[in-house]
Amino acid sequence: MSENKKPEKIVGIKGMNDILPADAHLWEIFENTAQSILQSYGYQNIRTPVVEETRLFARAIGAVTDIVEKEMYSFTDSMNGDQLTLRPEGTAGVVRAVLEHNLTYEGPKRLWYKGQMFRHERPQRGRYRQFHQFGAEAVGFAGPDIDAELIMLCRRLWDDLGLQNIRLELNSIGDAEERARHRVDLIAYLEKHEDILDAEAKRRLHSNPLRILDTKNPAMQEMVNGAPKLLDYLGDASRAHFDGLRKILDRNNVPYIVNTRLVRGIDYYNRTVFEWVTDELGAQGTVCAGGRYDPLIEMFGGKPTPGVGFAMGIERLIELMKSAGETAAPNQCDVYLVHQGEEAQMQAFILGERLRDAGLDVMLHCATPAGAGSFKSQMKKADGSGAAFAVIIGDDEVANNTANVKALRGEEGEQQQATVPFDDVVDHIVDLVVGDHGHDHVHYHH
Ligand code: ATP
Ligand code: MG
């Protein structure tokens, strides 16, 4: 009979991951650290919609890029026929919002964002269909000083997260005319080596030949190594910009490698491009990619305004944090409330609110319709929560208007226990916490 049939389970979409509490803890560490660093450099948060008009991305990213060619989640709004796309990256939306709200009216703006991005790629390690980026955009700044600032705040983030072995690769892809001159020579060079080109390279030969330079095909490495280098085509202004950036990085002891084959898959970049790369993640080793996009805002119909930014792949950074040993899930609370009997539960509720008023994280043992369970089983839960203290309220405590405070950490046998007048419990616990600064299980917020 159909009424006996169990409903089929519905599962998540391939390439779109759940982030469960054990991992979400690492995400919070990442996001909090990144946000406070961005803030310390004067960057402000901006939040734009996940959905934009398809033509925004087509125009911003360029028709011959991987993203627009084959990776966008685009759809027609069935209500009104609008052509819409789930954002594949953050810059286009941020720049649209900057223009739409005239944010640079009073001068240049430093902005950061974070959020989901969507690309229809083949899911594999470090490559998902919904993924998350943390990014920054500095709009209205023309000089190499801001390029250096963006790079150096990344370095600070890796340091604060305890991530080593992320190297900086740097290049300049010049301005449009410089790339046009280089392109002629590059295509001529590639045509001379057409027998070595793979299918993808052949396809890109006339649409996006620059992109062939960052091929991962080993059979093409030697050939692309000998290709004309964009750096040799830079005019004075582009050259000065690149040298200016290198000078600041050198003076601040930021090591980098000039990678003459480094380009961006996105059309609107010019001059500075950079990537932070690690060897610890297999093929998907780029954890942050950035660069200048001076032509973009004019392409969007605004008046010429320079811009530069980066985007980090949060999933890849979380994986690095894990391999760097950042695994410990946090304690769920500082105090676990154990109780038995209806009045004891009421007292525990009241006490919980008072303890939270004092800044402590408190978990109340939850009763089932059958009751709260034995003290013994509740104490097991208290231990498992990672709390520093259990507060126990039973019949005796209710009768005497007291509570029993038990320290859960420390050697067996020397765990302190005290019966405290109900109204003194908060002070008692706060004193214990404050008097015990070295105690790493307590997250007492001052
Ligand atoms: P790739 O050459 O690896 O495809 P990309 O040029 O498409 O990279 P960007 O558009 O520059 O990547 O995105 C910036 C960063 O976002 C990447 O360096 C990476 O860390 C992350 N990222 C990009 N696509 C994905 C994805 N599908 N899943 C997870 N992270 C991603
Ligand atoms: Mg890609």
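Helices (H or I, at least four residues) and strands (E, at least two) are DSSP runs, numbered from the N terminus.

**Ground rules.** I am looking at a predicted model, where local features need pLDDT of at least 70, side-chain atom pairs count only at pLDDT 80 or more, and totals for chains, interfaces and linings use all residues. Residues are numbered from 1 along each chain as its sequence is written, chains are lettered from A and ligands numbered from 1 in the order in which they are written, and side-chain values use heavy atoms, with hydrogens and water left out.

**Entry 1: the sheet.** I traced an open sheet of 5 strands in the order β13-β12-β14-β15-β16, with mixed pairing. (Two strands pair if DSSP finds at least two bridges between them.) At the edges I found β13 (362-364) and β16 (417-421), each pairing on one side only. From one strand to the next, the twist averages 25°. I then looked at β15 (residues 402-407), which pairs with β16 in the antiparallel sense over 5 bridges. Which residue of β16 is the bridge partner of Ala403? I found Val420 there.

**Entry 2: helices on the sheet.** Contact here means heavy atoms within 4.5 Å. Angles run from 0 to 180 degrees between N-to-C directions, with axes fitted to C-alpha atoms, for helices over the stretch in contact. Helix α12 (residues 342-357) packs on the sheet and touches β12 (335-339), β13 and β14 (389-393), with its direction at about 165° to that of β12. Helix α13 (residues 375-384) lies across β12, β14 and β15, and runs at about 170° to β12.

**Entry 3: helix α4.** Why do I call α4 largely enclosed by the rest of the structure? Because 8 of the 10 residues of this helix (residues 91-100) are buried, meaning under 20% relative accessible area (1.4 Å probe, protein chains only). Among them I noted Thr91, Gly93 and Arg96. The cover over the buried residues includes β2 (51-53), α2 (54-61) and β5 (109-118). Just after α4, Asn102 takes a positive phi of about 55°.

**Entry 4: ligand 1.** Of the 15 residues around ligand 1, Arg119, Glu121, Arg127, Tyr128 and Thr286 come nearest; "around" means a heavy atom within 4 Å. A polar side-chain atom of Arg119 lies 2.8 Å from an oxygen atom of the ligand. In the side chain of Glu121, an N or O atom is 2.6 Å from a nitrogen atom of ligand 1. I also saw that β10 gives the most to the shell around ligand 1, with 3 residues.

Methods
Buried means under 20% relative accessible area, exposed over 50%, partly exposed in between (1.4 Å probe, protein chains only). A polar contact is a pair of N or O atoms within 3.5 Å; within protein, one must be able to donate a hydrogen and the other to accept it, and residues adjacent in sequence count only if both atoms are side-chain atoms.
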